[in-house]
Amino acid sequence: MKTKLAAAWMFLLVFSVALAGAQTYTITDLGVLKGDNESSGFWINNLGDIVGCSDTQTLEGYPCTGLVAGQHGFLWSKSGGLKDLGTLSGGNVSGAQGINDAGAVVGYSNIKGQPATNFYAFQWSSATGMVNLGTLPGGSSSAAFQINSAGVIAGDSFNSAGVSHATSWTARKIKNLGALPKSLFTAGLAINDNGDIVGESDLSYGPPFESRGFLWNGSALVNLGTLPGGVTSIANAINASGEITGQSDGSTTGGHWHAVLWDASHKIHDLGVISGGTYSIGFALNDSGVVVGYGNLFDNAAHAMIWTAKAGMQDLNLLIPGNSGWVLINANAINNVGQITGYGTIKGHNHAFLLTP
């Protein structure tokens, strides 16, 4: 009995020391737009400005599905609070996906007279409001996901054949980046200041679902591959050094996705899972190589996570005040200051949050 008690006390001591040495965060509730009860933060720039969307509660149990009339993109700043960005002309759904340090916002919105799920990429600024970026010739819809400091935008668009290709916009002019061979759907999900774009190319809807993360290097799409033995990968974000995060399965992941990091030479590394969990996804990383996303626990509950080369993968819920009332579900983005946004539950609803070191 004494041996068991001593072991338990030793575990608590080691756990306490680990927490004491870990980065901790204050948490800010970004709230919701008037009439809504759910929100999510999608991206954060280096000034701490956040974009995302505000929504009403859905049966899916998470905010901003893009299918509910009334969902609107927002811009949040410390000085101005939550601002409704509205929609394109006649639309009733929008989502703000990316923002650069100059305050230019990109995302998607529907328009009057089109099916609710036919979205169009937009760019927003305080000077111009929301501007429709259009589609590839003959395309039915498009979406913009990120914008870099030069104003170049990464996204996707359907073409005249009804196939989605990765795209970029420069000065609001669209460019077709193409797709990997035999791709059914391709999207450019992120861009860095060098103009490198990463994303996903879906090859089969399965079963099994098969996809490949890719890198657009300025002239061609490069297949980033998977973990050994894997059939799926997605590249979600790229930093200034060319490091990429996302997810992949493999022969050692038990049929689940694991968050991964492709280094600057495109070698893939398995980042593992939260202790006790089985899957994880990396959604963003900053220029210091810190990755954020989410994973599950032993009981399959989804929790926001952070990964560093020093500490490995940690549950972000262990790094906020224990009496906060929050359960952090997903971390969508991290800036170079180390601030993080995403969404979590508070008082029975999902709200966008800002974590500040």
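**Asking for reasons: a disulfide, rings, sheets and cores**

Trainee: Cysteine 53 and cysteine 64 form a disulfide, with 1.7 Å between their sulfur atoms. What makes this pair a disulfide?

Mentor: The term asks for two cysteine sulfur atoms within 2.5 Å. At 1.7 Å, the sulfurs of cysteine 53 and cysteine 64 meet that limit, so the pair counts. One disulfide turns up in a search of the whole structure. Bear in mind that this is a predicted model: local features need pLDDT of at least 70, side-chain atom pairs count only at pLDDT 80 or more, and totals for chains, interfaces and linings use all residues. Residues are numbered from 1 along each chain as its sequence is written, and side-chain values use heavy atoms, with hydrogens and water left out.

Trainee: Are the cysteines buried or exposed, and how do you know?

Mentor: Buried means under 20% relative accessible area, exposed over 50%, and partly exposed in between, using a 1.4 Å probe and protein chains only. Cysteine 53 has 0% and cysteine 64 has 10%, so both cysteines count as buried.

Trainee: Next, tyrosine 279 and tyrosine 294. Why is their aromatic pair called edge-to-face?

Mentor: Rings of Phe, Tyr and Trp (its six-membered ring) pair if their centres lie within 6.5 Å; planes under 30 degrees apart are stacked, over 60 edge-to-face and the rest tilted. Tyrosine 279 and tyrosine 294 are 5.8 Å apart centre to centre, with 80 degrees between the planes, so they pass both tests. Tyrosine 279 lies in the loop between β21 (268–270) and β22 (280–285), and tyrosine 294 in strand β23 (residues 291–296). Tyrosine 279 is buried, given its relative accessible area of 18%.

Trainee: What makes β1 and β26 edge strands?

Mentor: The open sheet has the order β1-β28-β27-β26, with antiparallel pairing. β1 (26–31) and β26 each have a single partner strand, so one side of each lacks a neighbour in the sheet.

Trainee: Which strands form the open sheet that includes β20 and β21?

Mentor: Four strands, in the order β18-β19-β20-β21, with antiparallel pairing. Its edges are β18 (233–238) and β21, each pairing on one side only. Three bridges join strand β20 (residues 258–262) to β21, and valine 260 has aspartate 270 as its bridge partner in β21.

Trainee: What makes a set of residues a nonpolar core?

Mentor: Its members are buried Ala, Val, Leu, Ile, Met, Phe, Trp, Tyr and Cys residues joined through side-chain atoms within 4.5 Å. The largest one has 49 residues, and those touching the most other members are Tyr25, Val105, Ile306, Leu316, Leu328, Ile340 and Leu355. Strand β26 (residues 326–334) gives the most to this core, with five residues. Apart from it lies another core, of 11 residues, including Val198, Leu224, Leu227 and Ile268.

Notes. Helix = DSSP H or I, 4+ residues; strand = E, 2+ residues; numbered from the N terminus. Pairing = 2+ DSSP bridges.
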